[in-house]
Amino acid sequence: MTIPLDILQTLAVAVIVLFAGKGIKRYVKVLDRLCIPDPVVGGILFSLVVLFGHQSGMFLLELDTTLQNVFMTVFFTAVGFTCDVKVLLKYGKRAIQFTVLLTLLVIFQNAIGVGLAKLFDIDLLLGLCTGSASMTGGHGTAGSFAPLFETNYGCEGALVVGLAAATFGLVSGGLVGGPVGNFLVRRHGLAETAAARREDPTQASTHEMEIPLSAKGMVSAVNQIILCMGVGTIIYLLLKMVGITFPSYVGGMVMGVVLRNVSTYTGKFETPLPEIDCLGNISLSLFVSMALMSLKLWQLIDLAVPMIVTLATQVVFIAIFMIFVGYYILGRDYDAAVMVTGFCGFGLGAMPNGVSNMQAFTKKWGPSPTAFFVVPGVGSVIIDVVNALILTALMNLLG
């Protein structure tokens with residue numbers, strides 16, 4: 001029996017999933033200690049219920065996830081508003097460290113994927129599908145490159161494997177970040193630094209501070225975000241016309257950066273940052289919830305053993321890599337530990353996953369404005385550029 005849910009019903013279920021995740025964490029304390037985000041807990045539970053319905057033949061839910069991309073764009077547009085050019089210069093060193101680490105991660109992920117594909121004697125391009133195309137790249141990059149593998153190089157099943165691997169990464173990315181961050185805090189004695197951050201109001205990001213919101217500010221925030229999203233679609237299309245491909249949300253994020261800095265340095269109008277940040281956080285929670293709700297876990301069941309081994313290896317690798325390499329490259333401090341939790345999230349799943357990991361982590365330990373600027377602000381721009389360049393080179397080499 002197929003049960004179709006329209007756009008509003010799907011949204012209502014996403015809210016229920018959020019409440020369920022919060023309720024479960026209240027009683028299953030280990031989830032809270034591990035800093036697993038609410039939407040990840042509720043979303044995985046919901047996807048398991050859907051899996052049961054599909055496998056038993058009792059029911060199949062058809063979700064209208066139209067709003068999923070809208071919420072994602074709202075979130076990244078809100079991230080754009082956090083970018084002050086002067087602050088960007090302040091974090092220049094962190095941005096370089098972040099780029100170096102990301103490049104290394106993409107290279108190693110593809111080395112693991114291709115290496116194990118060769119070991120199991122399967123098409124090497126399938127190794128890229130379980131490498132950075134689906135891990136760091138997520139569903140978007142996997143969906144873009146896999147058809148090229150199939151049509152240009154005859155790699156059968158690349159799309160199914162790529163999307164299933166991205167699904168696996170989305171789930172595991174929300175589960176790995178918190179435990180890795182907790183390990184770093186305890187191993188390097190960062191709890192005292194984190195506690196000091198909690199007592200210092202100047203260290204809190206706007207989303208971590210209890211700032212009164214106003215109705216006027218909320219109306220202005222909604223209008224400015226919508227304006228940036230609309231103009232951002234034009235930027236996206238213009239870039240696409242000249243052969244530059246970025247995720248669709250980048251245009252809105254760029255406009256958010258522009259509007260914020262015009263406001264800051266001209267004083268002609270105000271950007272209500274607390275209200276914009278509030279809308280961004282709401283959108284993030286709903287996006288992650290809907291993304292996990294719509295997972296088709298039965299695709300993972302159909303994966304061949306080599307794919308499962310490869311994906312499990314990717315998860316173990318990123319945890320070890322971030323503990324013994326990533327933390328040190330990012331600066332060996334509390335901010336680095338917070339960034340590592342985010343890195344695990346988007347390095348296996350998607351950027352909203354990474355930010356959600358950092359929110360859950362800083363809620364427990366303490367704020368990190370640096371991490372919340374560098375990871376989404378810098379990462380969202382360079383992830384797809386670095387990944388696409390390396391994947392293109394490997395595709396031509398291995399195809």
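**Overall fold and core of a predicted model**

With 399 residues, a compact globule would have a radius of gyration near 21 Å, and the protein chain agrees, at 20 Å. That radius is taken over C-alpha atoms, and the globule rule is 2.2 Å times the number of residues to the power 0.38. This is a predicted model: local features need pLDDT of at least 70, side-chain atom pairs count only at pLDDT 80 or more, and totals for chains, interfaces and linings use all residues. Residues are numbered from 1 along each chain as its sequence is written, and side-chain values use heavy atoms, without hydrogens and water.

**Fold**
- The protein chain holds 18 helices and 2 strands (DSSP runs: H or I of at least four residues, E of at least two).
- Its C-alpha trace spans about 60 × 50 × 50 Å along the principal axes.
- Of contacts between residues at least 6 apart in sequence, 80% join residues at least 24 apart (contact: heavy atoms within 4.5 Å).

**Burial**
- Buried residues account for 52% of the 399 (under 20% relative accessible area, 1.4 Å probe, protein chains only).

**Nonpolar cores**
- A core is a set of buried Ala, Val, Leu, Ile, Met, Phe, Trp, Tyr and Cys residues joined through side-chain atoms within 4.5 Å.
- The largest has 87 residues; Val180, Met322 and Phe343 touch the most other members.
- Another core, of 15 residues, lies apart from it and includes Leu125 and Phe145.
- Beyond neighbours within four places in sequence, Phe343 contacts Phe98, Leu101, Leu102, Leu105, Ile318, Met322 and Leu330.

Terms used:
Buried < 20%, exposed > 50% of the residue type's maximum accessible area, 1.4 Å probe, protein only.
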